[in-house]
Amino acid sequence: MTARLAAVGDIHLGIDSRGAFRPRLGDLPEVADVLLLAGDLTRCGTAVEAEVVAAEVQDLGVPVVTVLGNHDHHADETDKVVERLSDAGVTVLEGSSTVLTMPDGSRVGIAGAKGFGGGFQGACASDFGEPEMKAFVGHTRATAERLRQTLEELHELDVDRRVVLLHYSPVAGTLAGERLEIYPFLGSYLLAEAIDAVGADLVLHGHAHAGTERGVTPLGTRVRNVAQPVLRSPFKVYRFGADA
Amino acid sequence: MTVPDTPATGADDAAMAHEYLVGDLEDVLTRDARGHEPGVHVQVAGGRVVLSGTVSSATRRREIVAVARDHLERHAPDHTLVDDLEVVVLDMPVEVEDL
């Protein structure tokens, strides 16, 4: 099987970004079979900004799959953001999955979730103490558990490849370059634990603008930070099975 | 560890004020609609407030500098703003990684 996945996160389009993103995608349909967006599509998460994003990726010629990021939640217009994107044909995942059929007939399952913070082994938050702290960690735990279930559901569907699309990072490795103090706000090991419990072929995330592209989960699944400031290019293509 | 028996003064106050200024400005840059750029870092040293990190466009850079300047004029007029921001240029070719 061959699958070509174009990915980028943190494009942060605002109302002054109309017409700015699409030209950067250039000949994407010629080099990729799908575009995966790893959240933070907008600056403030307004419906108007979502309309800008929708217009930029509509009728691209390949399926577009996304998760939302923290910025996409800021204006408390998440439902409208999802609606605008969905109306443009974008598949928005949150604790859910989609299966895409590649040109050669192989099937790639994408499990998507925003994820959340909490930190990593040795320096992570725990659900102890004040209700606010328990709510913070509880949200991450719930997100991770739902991700695990989603991956299990994909496993049952017998897809050829399983890809996890997140906004927050599941590992500290791809955060290298960020300030240590903010690691707990950039991701959580609970996400990696959920992924490793079921298995995946690739994990993509954004959020960490000053991070590093390549990392790996404790059980060896490749992790890639595709935040646009990290890639310094409009997108990157991850290709499975080129030598098959 | 020895605990000082007198309140911090002088240089200690100034250091503390710097800490607060960094925190306040980072908070303002996060909340102001013109800000919202997560890659911006604030440092205070020698009477200068330095904005560094990456932003997505020259327009965003101007907006962020304007937000910071407004804040400093009101709360720390004795400080000079230094714009050391970098506009992210998507100048790298699209790469393909075979997995």
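Predicted model: local features only at pLDDT ≥ 70, side-chain atom pairs only at ≥ 80, totals over all residues.
View 1. Chain B has an average pLDDT of 80, and 77% of its residues score at least 70. Two elements mark the ends of the range in chain B: helix α1 (residues 11–31) has the lowest mean pLDDT, 75, while strand β4(B) has the highest, 94. For the model overall, the scores are ipTM 0.88 and pTM 0.89.

**View 2. Helix α2 of chain B, end to end.** Follow residues 58–75 from one end to the other: the end C-alpha atoms are 26 Å apart. That agrees with expectation, because 18 residues at 1.5 Å a residue should span 26 Å.

**View 3. The two sides of α2(B).** Look here for the buried residues of the helix, which are B:R60, B:E63, B:I64, B:V67 and B:A68. These residues cover an arc of only 130° around the axis, so they sit on the same side of α2(B). Turn to the other side of α2(B) and you will find B:A58 and B:E73, both exposed.

**View 4. Where chain B meets chain A.** Chain A brings 23 residues to the contact and chain B brings 18. On the side of chain B that touches chain A, strand β4 (residues 96–98) gives the most, with three residues. By type, the residues on this side of chain B comprise nine nonpolar, five polar and four charged.

**View 5. Strand pairing between the chains.** Zoom in on β4(B) and you can see its partner, strand β13 (residues 236–240) of chain A; the two pair in the parallel sense over three bridges. In one of these bridges, A:Y238 is partnered with B:E97 of β4(B).

Note on methods: Residues numbered from 1 in each chain as written. Chains lettered and ligands numbered in written order. Helix = DSSP H or I, 4+ residues; strand = E, 2+ residues; numbered from the N terminus. Expected span 1.5 Å × (residues − 1). Buried ≥ 20, exposed ≤ 12 C-beta atoms within 10 Å, placed from the backbone. Arc of directions from axis to C-beta. Contact = placed C-beta atoms within 7 Å. Nonpolar A, V, L, I, M, F, W, Y, C, P; charged D, E, K, R; others polar. Pairing = 2+ DSSP bridges. pLDDT = per-residue confidence, 0-100.
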